[in-house]
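Let's take a quick tour of this protein chain, one topic at a time. Have the sequence and the 3D view ready.

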Amino acid sequence: MSKESILDYKLMELSRSKFRSSFHLRKYMVEYIHDKGMKTILQHAYDFINERLKPAYIENDGKQTPMRGHPVFIAQHATGCCCRGCLEKWHKIPKGGELTQNEVNYIVALIMEWIKREMKDCDDTNEKNSNTSND
Ligand SMILES: [Zn+2]
């Protein structure tokens, strides 16, 4: 499977979970992404994953990812990449060892793909809205 189809398949699986699919970017987060640019968001995603998920032992595991604030946090919940427990459950990445660079890359790619799709949905909705107001 290509990298794209792996991400595609995973996002499809996640969309079947009521809990995971309940997460969406808020308007202020979309504005933040527009403001900062995707490159910066990508860098933030790497920073968060390296700091909060990569270590073999995380003291507050399960509670390290806020439910609001940064768009990457929301994407982590939506993609099952919020803590090592969820990583094990959703992505078969076992707890108790440091994440490899490959695993970090995979997690970040999944998060960024989810964000991209959310941004697209958002833009589509805005377009629809502006079309109706022009009627
Ligand atoms: Zn979790």
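Predicted model: local features only at pLDDT ≥ 70, side-chain atom pairs only at ≥ 80, totals over all residues.

Residue numbers start from 1 along each chain as its sequence is written.

- Helix 5 covers residues 84–91, and R84, C86 and L87 are its buried part.
- Those three span an arc of only 155 degrees around the axis, which puts them on the same side of helix 5; the arc is that of the directions from the helix axis to the C-beta atoms.
- Just after helix 5 comes K92, with a positive phi of about 55 degrees.

**The whole chain**

- The protein chain has six helices and zero strands, where helices (H or I, at least four residues) and strands (E, at least two) are DSSP runs numbered from the N terminus.
- Its radius of gyration is 16 Å, close to the 14 Å that the globule rule gives for 135 residues, so the chain is as compact as a globular protein of that length. The radius is taken over C-alpha atoms, and the rule is 2.2 Å times the number of residues to the power 0.38.
- The C-alpha atoms fill a box of roughly 60 × 30 × 25 Å along the principal axes.
- Of the 135 residues, 23% are buried.

**The nonpolar core**

- The largest nonpolar core has 24 residues, and A45, V72, A75, C81 and I111 have the most contacts inside it. Such a core is a set of buried Ala, Val, Leu, Ile, Met, Phe, Trp, Tyr and Cys residues joined through C-beta atoms within 7 Å.
- Helix 2 (27–36), helix 3 (38–52), helix 4 (71–78), helix 5 and helix 6 (101–134) each supply at least two residues of this core.
- Helix 6 gives the most, with six residues.

**A closer look at V72**

- V72 sits in helix 4.
- V72 counts as buried because 24 other C-beta atoms lie within 10 Å.
- Leaving aside neighbours within four places in sequence, V72 is in contact (C-beta atoms, placed from the backbone, within 7 Å) with I41, H44, A45, F48 and I111.
- V72 and V108 are 36 residues apart in sequence and 9.3 Å apart in space, C-alpha to C-alpha.

Conventions:
Buried ≥ 20, exposed ≤ 12 C-beta atoms within 10 Å, placed from the backbone. Contact = placed C-beta atoms within 7 Å.
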